[in-house]
Amino acid sequence: MKIYVVKDYDAVSKQAAEIISDQIKEKQDSVLGLATGSSPIGIYKLLVEKYKAGAISFKEIRTVNLDEYKGLNELNENSYHYYMNDNLFSKVDINPANINIPNGMAVNDNAECARYEEVIKSLGGIDLQLLGLGENGHIGFNEPGTPFKVRTHVVDLTESTIHANSRLFERIEDVPRQAYSMGVNTIMGAKKILLVVNGAKKADALAKVINGPVSTEVPGSVLQTHPDVTIICDEAAAAKL
């Protein structure tokens, strides 16, 4: 596990964008596992800038997203389909056929989860998985108590996660209560993992992820057992390390 403490959010975004850019240059048809939320926005902005400058191309890149809200279609402004298109996909030369995100409108949960796992398998697995960290230590939408052996599944979101995500919705009542998410087992199958963490609200969780026991009560702590993890955090998030 490599840990880098940098000054602020902008510095986190810059270093993370360099790592992803290097991966794209090294393997032009890389399978990138992508995350949503507030943490990666700066990273995606910098990747778009690199693309526009001619430094990288997404033409052959394949992507798989960590999760999607259950019950939101891809045109819903709060869906992760919409988020990814707005922040990255519509601004680079990626082939839409190479974009993979769980279908929030799927009728059969088990079939959708199995389909998504098969997609990842058919791509040869994930080369680099980008992760954020929840205030309760979750990765993807794998909430505390989720068994590490679980693969893509439907998650009942905790009240703390619903509250944290409500800033993106008009009313807290509008936040979906369930989501499709890659499981911990799926995430851990990635060849490389890049975790970005910023802000004082994440300091407790990050300390437990790095220094605490490996426990399902802090899902991110499982990263201690992965052979190739890079963590980039700002000074505020690193305050309790």
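## Cysteines

Cys233 is buried, with a relative accessible area of 0%, where buried means under 20% relative accessible area with a 1.4 Å probe and protein chains only. Cys113 is also buried, and its relative accessible area is 8%. A disulfide is a covalent bond between the sulfur atoms of two cysteines; a search of the whole structure finds zero disulfides, counting a pair of cysteine sulfur atoms within 2.5 Å as one.

## Basis of the model

This is a predicted model, in which local features need pLDDT of at least 70 and side-chain atom pairs count only at pLDDT 80 or more, while totals for chains, interfaces and linings use all residues. Residues are numbered from 1 along each chain as its sequence is written, and side-chain values use heavy atoms, with hydrogens and water left out.

## Pockets

Rolling a probe the size of a water molecule over the atoms shows where empty space is left. A pocket is here an open set of points, on a 1 Å grid over the protein atoms alone, where a 1.4 Å probe fits, with protein on both sides within 12 Å along at least five of seven lines; lining residues have an atom within 4 Å of a point. The largest pocket holds about 640 Å³ of space, a volume being the space filled by probe spheres set on the points. It is lined by 30 residues, of which Leu133, Gly134, Asn165, Arg167 and Lys202 are the closest to its centre. Helix α5 (residues 159-165) gives the largest share of this lining, five residues; helices are DSSP runs of H or I with at least four residues, and strands are runs of E with at least two.

The second largest pocket has a volume of about 290 Å³, and among the residues that line it are Glu74, His81, Tyr82 and Phe89. The largest share of its lining, four residues, comes from helix α3 (residues 80-87).

In helix α7 (residues 203-211), the buried residues are Ala203, Ala205, Leu206, Ala207, Val209 and Ile210. These buried residues of α7 pack against β1 (2-6), β9 (192-197) and β10 (229-234).

Thr186 lies in helix α6 (residues 184-188) and is buried, with a relative accessible area of 3%. Leaving aside residues up to four places away in sequence, Thr186 touches Glu117, Ile120, Val150, Arg151 and Thr152, where contact means heavy atoms within 4.5 Å.

Technical notes: Buried < 20%, exposed > 50% of the residue type's maximum accessible area, 1.4 Å probe, protein only.
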